[in-house]
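This report covers charged side chains and model confidence. The sequence and structure come first.

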Amino acid sequence: MSTAHDPVPYEEGSSQGYSERAADRFELVRHARRYLVASGPCPRCNAHLEIPIVTEAVRALGNGGPASGGTEVPMYCECEGEHPGRPDGEEGCGAYWLLVVPGDLT
Ligand SMILES: [Zn+2]
Ligand SMILES: [Zn+2]
C-alpha cells in the first residue's frame, strides 16, 4: 500500500467528502485500554497519519450513548510534507474532518 503524498497548496477547510473518505480509509486500532489510534491517509494530501484518540474524551463528547451508533471526533492533517503557502508554525495541509468512532470502541 504505497500512496504518494500530494503537495497541494495549504488551505484550511473541510468538506463532506473528506469525512466520507476518512470513514472509508481510516482504521481504528486499540493501543491501550484508554487509547485508540486512527490510522490512514489524509483525505486531502494522502499523507499517512496516525492520530491518537482518548476514548474517555470521546465518551465525554458522546452524542446519545451506546445506541447512537458512534461519536464524531474532529481531526486534522498533521503531515510533515511540503505544502506551498503554509504559514509558519502550522502543520499539515489544512484539511480537517470528522471521523465516527463506533460506540462499541469507546
Ligand atoms: Zn500533506
Ligand atoms: Zn493532509
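## Charged side chains and confidence

In this predicted model, E56 and R34 form a salt bridge through their side chains, with an N to O distance of 3.3 Å. The two residues lie 22 positions apart and link distant parts of the chain. E56 belongs to helix α2, while R34 sits in the loop between β1 (27-32) and β2 (35-41). The structure contains one salt bridge.

How exposed are the residues discussed here?

| Residue | Relative accessibility | Class |
|---|---|---|
| E56 | 38% | partly exposed |
| R34 | 34% | partly exposed |
| E12 | 54% | exposed |

E12 has a relative accessibility of 54% and therefore counts as exposed, the cut-off for that class being over 50%. E56, at 38%, counts as partly exposed, and R34 is also partly exposed, at 34%.

Within the chain, E12 is placed in the segment before α1 (16-25).

On confidence, the protein has a mean pLDDT of 91, and 92% of its residues reach 70 or more. Among the elements, α1 has the highest mean pLDDT, 97.

Notes. Residues are numbered from 1 along each chain as its sequence is written. Chains are lettered from A and ligands numbered from 1 in the order in which they are written. This is a predicted model: local features need pLDDT of at least 70, side-chain atom pairs count only at pLDDT 80 or more; totals for chains, interfaces and linings use all residues. Side-chain values use heavy atoms; hydrogens and water are left out. Helices (H or I, at least four residues) and strands (E, at least two) are DSSP runs, numbered from the N terminus. Buried means under 20% relative accessible area, exposed over 50%, partly exposed in between (1.4 Å probe, protein chains only). pLDDT is the predictor's confidence in each residue, from 0 to 100. A salt bridge is a side-chain nitrogen of Lys or Arg within 4 Å of a carboxyl oxygen of Asp or Glu.
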